[in-house]
Amino acid sequence: FAQNNTGVLILGATNVPWALDPAFRRPGRFDRVLFVPPPDRAAREAVLRILLNERPVAPDIDLRFIADKTSGFSGADLRNLVETAADEAIEESLSTESEVPISQAHLLAALREVRPTTLEWLTTARNYARYANEAGHYDEVLQFLKQHGKN
């Protein structure tokens, strides 16, 4: 950094904001904590559509149904779901010796295997939000948990 830092923006991101030294969160530093919740149903459906866009897929896929079944999944969790379903389709392709597109059955099989990773984080965040929220940094987390019945 030079003497003149005009136009410099530093952005930090963490999924454990409670581990930051409070000195970092003083005004003029990293003084804002923004909660990014897991994607809602419509967002999950859009993410799934994007993840499946360039892949061979069967016409029987019901993205709305899959999105309904993936509450609490992050974008990374949805990617894991699609990758697991793709692996299922590849295994089937190898055993039948013909290309098998990703189908609803593959996604449903993947759903039995893949679990959301946000639930553990939300449990930890809830505890910090309840018991270590002096500055109100976790009010958005509490509001989200209250709205979604996870308080």
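Trainee: Which residues are exposed on the other side of α6?
Mentor: This is a predicted model. In it, Gln143, Lys146 and Gln147 are exposed on that side of α6.

Trainee: And which residues of helix α6 are buried?
Mentor: In helix α6, residues 139-147, the buried ones are Val141, Phe144 and Leu145. They lie on the same side of α6 because they cover an arc of only 95 degrees around the axis.

Trainee: What do the buried residues of α6 pack against?
Mentor: They pack against α5, residues 118-131.

Trainee: Changing topic: at what angle do helix α1 and helix α3 pack?
Mentor: Helix α1 (residues 41-52) and helix α3 (residues 75-96) pack at an angle of about 45 degrees, and their axes are 10 Å apart. That angle makes α1 oblique to α3. The crossing of α1 past α3 is right-handed.

Trainee: Which residues meet there?
Mentor: From α1, Arg44, Val47, Leu48, Leu51 and Leu52 meet Leu78, Arg79, Leu81 and Val82 of α3. By class, this contact has seven nonpolar, two charged and no polar residues.

Trainee: Now Leu111: where is its place, and is it buried or exposed?
Mentor: Leu111 is in helix α4, residues 104-113. Leu111 counts as buried because its relative accessibility is 13%, and the cut-off for buried is under 20%.

Trainee: Which residues is Leu111 in contact with, leaving aside its neighbours within four places in sequence?
Mentor: Those residues are Ile66, Lys69, Thr70, Phe73 and Leu81. Leu81 is also among the α3 residues that meet α1.

Terms used:
Residues numbered from 1 in each chain as written. Predicted model: local features only at pLDDT ≥ 70, side-chain atom pairs only at ≥ 80, totals over all residues. Heavy atoms only, no water. Helix = DSSP H or I, 4+ residues; strand = E, 2+ residues; numbered from the N terminus. Buried < 20%, exposed > 50% of the residue type's maximum accessible area, 1.4 Å probe, protein only. Contact = heavy atoms within 4.5 Å. Arc of directions from axis to C-beta. Axes fitted to C-alpha atoms, helices over the stretch in contact; angles between N-to-C directions. Parallel < 35°, antiparallel > 145°, perpendicular 65-115°, else oblique. Left-handed = near helix turned anticlockwise from the far one by under 90°. Nonpolar A, V, L, I, M, F, W, Y, C, P; charged D, E, K, R; others polar.
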